[in-house]
Amino acid sequence: MAHNYDAETLFPPPLVDNDLSFGEVTEKICGIVEAPPNHKWLLALIPALTGLTILGGAIGWLIWEGTGIWGLNNPMGWGWAIVNFVFWVGIGHAGTLISAILFLFRQRWRTAINRFAEAMTIFAVICALIFPGIHVGRVWAAYWMLPLPNQMSMWPNFRSPLLWDVFAVSTYFTVSLMFWYVGLVPDMATLRDRAKSKIGFWIYGVLSLGWRGANRHWQNYERAYLLLAALATPLVLSVHTIVSFDFAVSLIPGWHTTIFPPYFVAGAIFSGFAMVLTLAIPARKIFGLEDFITVRHIENMTKIILVTGMMVGYAYAMEFFIAWYSGSEYESFAFVNRALGPFGWAYFIMVSCNVITPQIFWFKKMRTNMTVVFILSIFVNIGMWFERFVITMSLHRDFIPSSWDYYSPTIFDILTFIGSFGLFFTLFILFMKFLPAVAMAEVKGVLPQADPHWSGYHEEGHDD
Amino acid sequence: MTESKSWGLLAEFPNPARLLKAAQATHAAGYRRFETFSPFPIHGMDEAMELPGSKVPWITLAAGLMGMATGLALQWWSGSVAYPLVIGGKPLFAWEFALPITFELSILFASFGTVLGMFALNKLPRPNHPLDYVPRFKKVTDDAFFLAIPASDEQFDLEASKAFLESIGGEHITVVEEQNG
């Protein structure tokens with residue numbers, strides 16, 4: 001027997017606080033779904049639905065009038081719509097990262113937050129998909145992006161990174177949705193078996209497909225879950241890589257760089273975890289999930305933010321270095337213009353929020369203070385939006401000085417962006433109420449008494 | 001020697017440790033088609049029941065290869081045969097530009113194969129099952145642990161199997177009725 005383990009390795013801290021039993025886990029999580037909606041929940045739904053209405057109005061007017069209602073102009077054919085698209089897709093990375101990559105690395109603390117983060121991923125990708133969809137102008141022709149046989153005998157141009165993006169983001173959405181659904185099946189079976197009303201019984205019954213926890217089923221289920229995690233891991237890394245190709249495969253100075261794929265992926269993880277924190281900190285309070293989403297979970301996430309924040313900071317520095325080292329005056333100009341040109345204020349916000357403020361997470365006191373973490377997570381969200389803004393706005397001084405211009409958003413740019421938050425929060429608030437917010441079957445599986453060799457069973461004398 | 005109307009026997013066990021031991025004993029007694037039910041997968045149960053490995057990975061592999069072939073064929077055929085158009089002086093087909101979409105379609109098909117294959121192997125969806133008519137069985141998705149011996153097992157004998165389940169510590173032993181229609 002080896003003796004060179006420290007106490008932490010042999011007796012790791014419990015993943016769920018307060019020694020909950022299996023039944024108490026079911027009771028706590030299902031309780032949220034089964035209780036009648038309270039006023040706090042309804043109060044949260046009102047601003048979200050208002051935002052959703054604004055989004056509907058803004059998109060309706062856009063379809064009626066055309067993309068001219070936005071602040072787009074000649075050098076800047078890509079405005080806020082692309083900024084918002086990349087922003088939302090980036091946020092959508094944390095969910096699959098938590099579900100898939102942390103699963104493969106056997107990080108068992110993920111079980112409390114994965115359901116939640118996966119839901120966030122799916123809703124963020126829905127918000128993201130809206131923007132390129134409406135940016136095409138003639139929305140009714142958006143299906144031309146798909147390789148569908150048509151009466152014109154035309155096919156999409158597969159040599160374009162923009163088409164790769166269509167495949168990457170829609171594959172990501174589909175696979176994330178399947179991953180989420182597979183995880184939900186045993187938990188919806190629990191809701192079915194506890195349902196008091198006929199409607200609840202039917203809805204959860206149909207969705208849970210008749211799951212009844214047979215071990216032969218669990219065997220295939222666990223294998224399928226592992227395979228999905230293994231498939232989703234390269235997928236999540238490929239999505240933001242391909243999003244970065246939208247920029248990197250072009251010939252625009254400041255965009256045409258090989259650092260973009262890793263830099264975008266690190267930024268996506270950074271912003272995704274920030275959004276998980278922004279949602280998790282209030283949600284654990286409102287729904288009483290402190291035993292599941294513990295301070296330890298929050299602290300682990302702040303450490304990931306600290307690491308990825310420094311990766312992003314390194315990328316900002318390396319871009320500048322390469323711009324100088326390349327000796328290309330166009331490249332150098334693009335970067336000096338980013339930091340000191342008309343959009344220098346945005347560059348300053350980006351660096352402050354993404355590189356400077358997260359440094360306070362070096363201190364444990366700050367990592368475990370929920371108010372500080374919440375405020376910091378919002379800073380990161382803002383900083384990452386501005387990162388995409390800074391990159392997209394590189395277009396404003398192109399090759400001919402006579403065509404240089406400045407981008408000012410119109411009210412419709414702003415309303416569409418605000419509205420997308422309305423859509424995101426509406427979906428999220430509905431999810432918290434109608435589906436189990438924590439993966440119950442998985443949490444039960446990591447409780448100490450789930451292990452047949454748990455010491456408690458020896459003490460009872462059942463094990464010989 | 002089976003009763004014409006019974007589906008089998010169902011016994012309850014208080015915790016995962018006892019269910020695991022019961023499964024080992026049931027397998028040792030020669031039962032092969034018995035099944036255990038639990039709210040979460042129990043570590044070591046596959047070995048206790050001596051189940052062969054899952055077939056899901058083969059479906060994943062086949063579907064993934066199909067996705068790869070689809071991605072390559074789609075991009076080559078549509079760009080070189082159906083709608084050849086020179087854009088920016090680039091070749092009509094090259095594996096380099098085809099890589100991202102080929103990769104994405106491989107992952108997409110493999111994921112569909114995994115999920116649909118898993119449910120198909122589990123014979124789900126199955127909205128109705130004789131066990132659903134045992135009131136205590138509703139707790140299986142909450143905190144209860146069960147072992148069932150179906151009448152289709154060669155070793156099954158209503159009285160002898162019932163006595164066996166009692167001997168290994170099964171509680172609330174129930175004869176599960178076959179449901180017709």
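This is a predicted model: local features need pLDDT of at least 70, side-chain atom pairs count only at pLDDT 80 or more; totals for chains, interfaces and linings use all residues.
Gly8(B) stands opposite Val176(B), a residue of strand 4 of chain B. Residues are numbered from 1 along each chain as its sequence is written, while chains are lettered from A and ligands numbered from 1 in the order in which they are written.

Strands here are DSSP runs of E with at least two residues, and helices are runs of H or I with at least four, numbered from the N terminus. Strand 1 of chain B pairs with strand 4 (residues 171-177) in the antiparallel sense over five bridges; pairing requires at least two DSSP bridges. Strand 1 also runs antiparallel to strand 3 (residues 145-150) of chain B, joined to it by six bridges, and there Leu9(B) stands opposite Ile149(B).

How many of the eight residues of strand 1 of chain B are buried? Seven are, so the strand is largely enclosed by the rest of the structure. Buried denotes 20 or more other C-beta atoms within 10 Å of the residue's own, with C-beta atoms placed from the backbone.

I turn now to the two chains. In total, 56 residues of chain A are in contact with 58 residues of chain B, contact being C-beta atoms, placed from the backbone, within 7 Å. Helix 9 of chain A gives the largest share of chain A's side, 16 residues. That side comprises 28 nonpolar, 19 polar and nine charged residues, where Ala, Val, Leu, Ile, Met, Phe, Trp, Tyr, Cys and Pro count as nonpolar, Asp, Glu, Lys and Arg as charged, and the others, Gly among them, as polar.

How values were computed: Two residues are in contact if their C-beta atoms, placed from the backbone, lie within 7 Å. A residue is buried if 20 or more other C-beta atoms lie within 10 Å of its own, exposed if 12 or fewer, and partly exposed in between; C-beta atoms are placed from the backbone.
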